[in-house]
Amino acid sequence: MVTSIFPLTAVVGQEAIKLALLLAAVDPGVGGVAIAGGRGRAKSVMARAIHSLLPPMEVIKGNFCNCNPLNPKSWDNLTLENYYANNNIPTEIIPAPFVQIPLGVTEDRLLGSVDVEESVKRGEPVFQPGLLARAHRGVLYVDEINLLEDQIAERLLTILSEGRNQIEREGISFQHPCTPLFLCTYNPEEGPLRQHLLDRIAIHLSADGVLSLEQRVQAVEQVLTYSNTPQEFIAQYGEDTENLRTDIILAREWLKEVEISREQINYLVEEAIRGGVQGHRGELFALRVAKAAAALEGRDRLSAEDLRRAVELVIVPRSTTVPETPPEQTPPPPPPPQEPENEDKGEEEQEEDNKEPEQEPPNLPEEFVFDAEGVILDPNVLYFAQMMQRQGKSGSRSPIFSEDRGRYVKPMLPKGKVRRIAVDATLRAAAPYQKSRRLRIPGRKVIVQQGDLRSKRLARKAGSLIVFVVDASGSMAFNRMESAKGAVLRLLTEAYENRDQIALIPFRGEKADVLIPPTRSISLARRRLERLPCGGPSPLAHGLTTAVHVGINATMSGDIGQVAIVAITDGRGNIPLARSLGEPLPEGEKPDIKGELLEIAKKMRGLGMDFLVIDTEKKFVSTGFGKELAQVAGGKYYHLPQANDRAIAAMAKGAFS
């Protein structure tokens, strides 16, 4: 039967990615492949194409997790109980499975849970396999892994690293193997992938490499031909596909015999150190990639080229010091011809010079990849490494968990009154006891008790609130306000995607006013920012207090998960808080304005609000109290006399990093 999958060899370009997929097919335990790239880069096409190259496999007949009959050490608990002492194990040949994890998957569906129907029949907990059990020894694919729930992604990669899925829940204690070929793709434009997760995947590559005009034309022609006559198109690449499938089968056998020397291990470690790679996963993954590269070419010893490939595919994307490609230089002129020096030598010396060395050349690259004169890396690999440097360590915003709004993430034991019942988890908890309960209470089909109830844990994307507190007093107020206005409008253009909100509180005279309440509306901000008087005293204490109240109210609404207060001031407040609130001042007692400000800063720290002070005053008139204020609040202080809207917006965004 001819498959309808687009052949891997028909994909134009993407040579580094195709090589990485082949190496992962040779050794599925290599650690997985992550492909980053924009829309329409054939990421999913290549993931499905490598699955079509995997050979069929022998499994224990009827086994839910495709256990290998020749490897009893990897069997699940039930298979060990049934077949460990049995020499006549029924087997069958099945194609390698391809399991795709949907973005909305729950933990029960992924890991496995209680089989309600069987548990009711037997009167005891019965395990129902999840997606990870089906994917064992096949392909496990996640599209847009950066949009997968953080907790689910963390649990998934932990199980893949350990190679086993241990379930301890709802009266079940069960384990089964899970060693699939792990592939994932994501679009960086829709949100970055957390560095912690990315570090646990062996190979990271980008599909955003620039194709030439000829290659793009060829890609269009390939797709059109495949759409019109798919079977004829696939038949054109039938021989190449069969050759790759045979190479993978043979390489899996060769892989058992591949050896690596201590000098080669030392080379990989030195390259990881030169690249500033954190942890030891880089060199461990690179070792397996190098061995798979040797096995793919039918060798039992690693060559220098295998080590180069491992460094380029594994270590370079993890490096924090990617070297710039050296500029092309004109080669020096050839040296003038010289007289042969061996004319005056004796015959014995000439014979010794003509002898070739008998020792084998070392299987190490002549230069280190991270040397300035090292090899030119694959453009796709180097591009990915440079893009990862630009992205830095920032990740997506943390979600808000609750029991009233959001997407159903997982069931949980209720704390107090159950607001939303997780029906699936409640039935699974009650299923094993139905048989005995019916004997006590005849006539009822389903008997659920209080201890069976499970509540829903809901999650929704957390927004953030940035509150600008701007000193509108003094002669420099106009410049400060103009910079703050520009920063507000800049941040509002990006607020919709992240559900962020912006607020602006100027303070002058005797009190502060909420000029722009928390909003994502650019039009509202523009209307409110048109006119604003400046000058007068500086009620800094009232401005910060008002910002704290705005932040608390926004958090209580349930849509804001993080609050950052950005104060553009020099810290010199001269109006006490009581005067701003209209309260009487004690007679004969001088107000402690500095103490009030420090007390407000402590409250901000206790509430978990981020605090950023941007001092725009000239250094010779700055008091330095703004820095002290930021330290007490656990925030940051920057002295920027020439701060513009771009710099202020960038610093405000950095408060969430």
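Select Val563 to begin: with a relative accessible area of 5% it counts as buried, where buried stands for under 20% relative accessible area, exposed for over 50% and partly exposed for anything in between, all with a 1.4 Å probe and protein chains only. This is a predicted model, in which local features need pLDDT of at least 70 and side-chain atom pairs count only at pLDDT 80 or more, whereas totals for chains, interfaces and linings use all residues. Residues are numbered from 1 along each chain as its sequence is written, and side-chain values use heavy atoms, with hydrogens and water left out.

Val563 belongs to strand β19 (residues 560–568); helices (H or I, at least four residues) and strands (E, at least two) are DSSP runs numbered from the N terminus. If contact is taken as heavy atoms within 4.5 Å, then Val563, setting aside residues up to four places away in sequence, touches Leu465, Gly551, Thr555, Met609 and Asp610. Leu465 lies 98 residues from Val563 along the chain, yet their C-alpha atoms are separated by 4.8 Å.

**The whole chain**

Zoom out to the protein chain, whose secondary structure comes to 25 helices and 21 strands. Of its 657 residues, 45% are buried, and its accessible surface, calculated by the Shrake-Rupley method with a 1.4 Å probe (for residues, only the protein chains shown count as cover), comes to about 34,800 Å², with 51% belonging to carbon and sulfur atoms. Among contacts with a separation of 6 or more, 78% join residues 24 or more positions apart.

**The nonpolar cores**

Next, select Leu8, Leu21, Ile50, Leu183, Ile203 and Val289, which touch the most other members of the largest nonpolar core, a set of 58 residues. A core here is a set of buried Ala, Val, Leu, Ile, Met, Phe, Trp, Tyr and Cys residues joined through side-chain atoms within 4.5 Å. Helix α1 (residues 15–26) supplies the largest share of this core, nine residues. Centre the view on Leu21, which touches Leu8, Val33, Met46, Ile50 and Leu183 when residues up to four places away in sequence are not counted. A second, separate core has 32 residues, among them Ile565, Leu598, Phe611 and Ala633. In soluble globular proteins, nonpolar side chains tend to be buried together.

**Helices α23 and α24**

Select helix α23 (residues 593–606) together with helix α24 (residues 625–632): their axes come within 8 Å and cross at roughly 35 degrees, the axes being lines fitted to C-alpha atoms over the stretch in contact, with angles running from 0 to 180 degrees between N-to-C directions. On the α23 side the contact is made by Lys594, Leu597, Leu598, Ala601, Lys602 and Arg605, and on the α24 side by Phe625, Glu628, Leu629, Gln631 and Val632. These residues divide into six nonpolar, one polar and four charged, under a scheme that counts Ala, Val, Leu, Ile, Met, Phe, Trp, Tyr, Cys and Pro as nonpolar, Asp, Glu, Lys and Arg as charged, and the others, Gly among them, as polar.

Move to Ala286 in helix α13 (residues 281–296), where the relative accessibility is 0% and the residue counts as buried. Ala286 touches Leu268, Ala310, Val314 and Ile315, residues up to four places away in sequence not being counted.

Arg137 is not a glycine, but has a positive phi of about 70 degrees. Look for Arg137 in the loop between α6 (131–135) and β7 (139–143), where it is partly exposed, with a relative accessible area of 24%. Glu144, also not a glycine, has a positive phi of about 60 degrees; Glu144 sits in the loop between β7 and α7 (150–162) and counts as buried at 16% relative accessibility.

**The cysteines**

Finish with Cys65, which is buried with a relative accessible area of 0%. The closest cysteine sulfur to that of Cys65 is in Cys67, 3.4 Å away and so too far for a bond, since a disulfide is a pair of cysteine sulfur atoms within 2.5 Å. By this rule the model has zero disulfides. Cys184, at 1% relative accessibility, counts as buried.
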